[in-house]
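Hi everyone, thanks for coming. Let me put the structure up, and then we'll walk through some side-chain contacts together.

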Amino acid sequence: MIGDEAAFDPNELVIVSAADSGYFLLLCDAVSSVRALNSTVAIGVLDLGLKADEAAWLAEQAVRVVRPGWDVAFPGQDRAPEIFKAQVARPFLPRHFPGYAMYFWLDADAWLQEWRVVEFYCAAAGRDRLAITLELDRAYKRHYKRAKLFGWNLAWKTYREAFGWRVADRLGRNPTANCGVFALHRDAPHWQAWARIMIGVLQRTRFFFAEQVALNYAIFAENLPANFLPAYCNWAVGDAAPAVDASRGLFVEPYAPHEVIGVMHLAGPDQKSGVVRLSRLDGGTIETSLRYGESRALCGDLARN
């Protein structure tokens with residue numbers, strides 16, 4: 001069973017995210033989804049440009065808000081947008097939120113549907129492993145598309161941008177470990193390695209995936225230990241729409257055994273807005289937003305009927 005590797009103390013856990021005002025409503029969904037499942041867990045947020053009333057709402061939810069500086073120096077830092085700190089600060093979470101043993105990162109555009117997935121991540125991380133989910137699943141449409149010319153997919157391009165052609169050719173066909181959701185113990189060796197590699201990447205480029213490609217390099221090139229969790233632990237809705245289990249009012253995998261999706265990740269602009277048509281396990285379809293706040297009433301009605 002997932003999560004048997006090690007026990008963890010929930011009192012030593014902090015769930016961390018980051019947002020500016022543009023992402024605040026998504027952050028509200030993320031925080032609300034956590035609080036609906038656990039009213040006492042520590043939550044921290046990196047303030048990348050929140051308004052006073054937004055910070056006040058977070059305080060009402062017992063969220064600790066930290067305004068980070070730049071954790072490292074890199075060329076062009078004075079021109080980098082404030083939101084880029086969401087990438088740069090990630091390998092330094094124990095510095096920004098000291099006093100915890102386990103750090104669970106949850107992107108602001110992701111929300112929690114089942115608490116058990118947090119337990120999976122933390123137990124799989126233990127003291128010396130990174131618990132993370134690969135962008136890989138039988139339902140994901142990317143795996144059924146025609147191969148890119150010379151294998152130059154997005155992963156290859158990010159390695160090329162960060163490390164050059166040789167590394168891209170060696171690692172570019174690996175699945176990507178998505179750092180939008182992960183768990184890592186404060187004593188794990190990954191923090192220092194991740195920071196070191198990312199600092200090197202930032203000397204070369206400031207592209208959006210800088211921290212993610214650095215973490216993937218630590219896993220696949222430097223062989224830092226990792227536990228890869230199933231896709232339902234960080235479901236990329238842009239790759240595959242979930243199905244709906246109307247009897248329970250929950251989003252589930254589209255294929256059997258229809259595991260309940262623990263984290264719904266709305267990465268990509270199209271996934272954050274609009275209505276999608278989903279298959280129901282009991283037959284037919286249903287139209288709904290995949291945002292946490294907008295889907296709760298519908299899912300609750302389905303479960304009650």
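Okay, one term before we start: a residue is buried if its relative accessible area is under 20%, exposed if it is over 50%, and partly exposed in between, using a 1.4 Å probe and protein chains only. Also, what you see is a predicted model, where local features need pLDDT of at least 70, side-chain atom pairs count only at pLDDT 80 or more, and totals for chains, interfaces and linings use all residues. Residues are numbered from 1 along each chain as its sequence is written, and side-chain values use heavy atoms, with hydrogens and water left out.

Let's begin with the rings. Rings of Phe, Tyr and Trp (for Trp, the six-membered ring) make a pair if their centres lie within 6.5 Å; planes under 30 degrees apart are stacked, over 60 edge-to-face, and the rest tilted. The structure has 17 aromatic pairs. Take Phe24 and Trp57: their ring centres are 5.9 Å apart and their planes sit at 90°, so this pair is edge-to-face. Phe24 belongs to helix 1 (residues 24-37) and Trp57 to helix 2 (residues 52-60), so we have a link between distant parts of the chain, 33 residues apart. Helices here are DSSP runs (H or I, at least four residues), strands are runs of E with at least two, and both are numbered from the N terminus. Is Phe24 buried or exposed? Phe24 is buried, at 9%, while Trp57 is partly exposed, at 24%. Elsewhere, Tyr100, Tyr103, Phe182, Trp191 and Trp194 gather into one aromatic cluster.

Now for charges. A salt bridge means a side-chain nitrogen of Lys or Arg within 4 Å of a carboxyl oxygen of Asp or Glu, and by that rule we get 17 of them. Which residues does Arg116 pair up with? One is Glu114, at 2.5 Å from N to O, and another is Glu259, with the closest N and O atoms 3.0 Å apart. Arg116 is in helix 5 (residues 116-125), and Glu259 is in the loop between strand 11 (250-252) and strand 12 (263-265), so this bridge ties together parts 143 residues apart in sequence. Arg116 is partly exposed at 28%, and Glu259 is partly exposed at 28% too.

Next up, Arg280 bridges to Asp282 at 2.9 Å; Arg280 is partly exposed, with 24%, whereas Asp282 is exposed, with 52%. There's also a network: Asp47, Arg67, Glu82 and Lys85 are joined by salt bridges that share partners.
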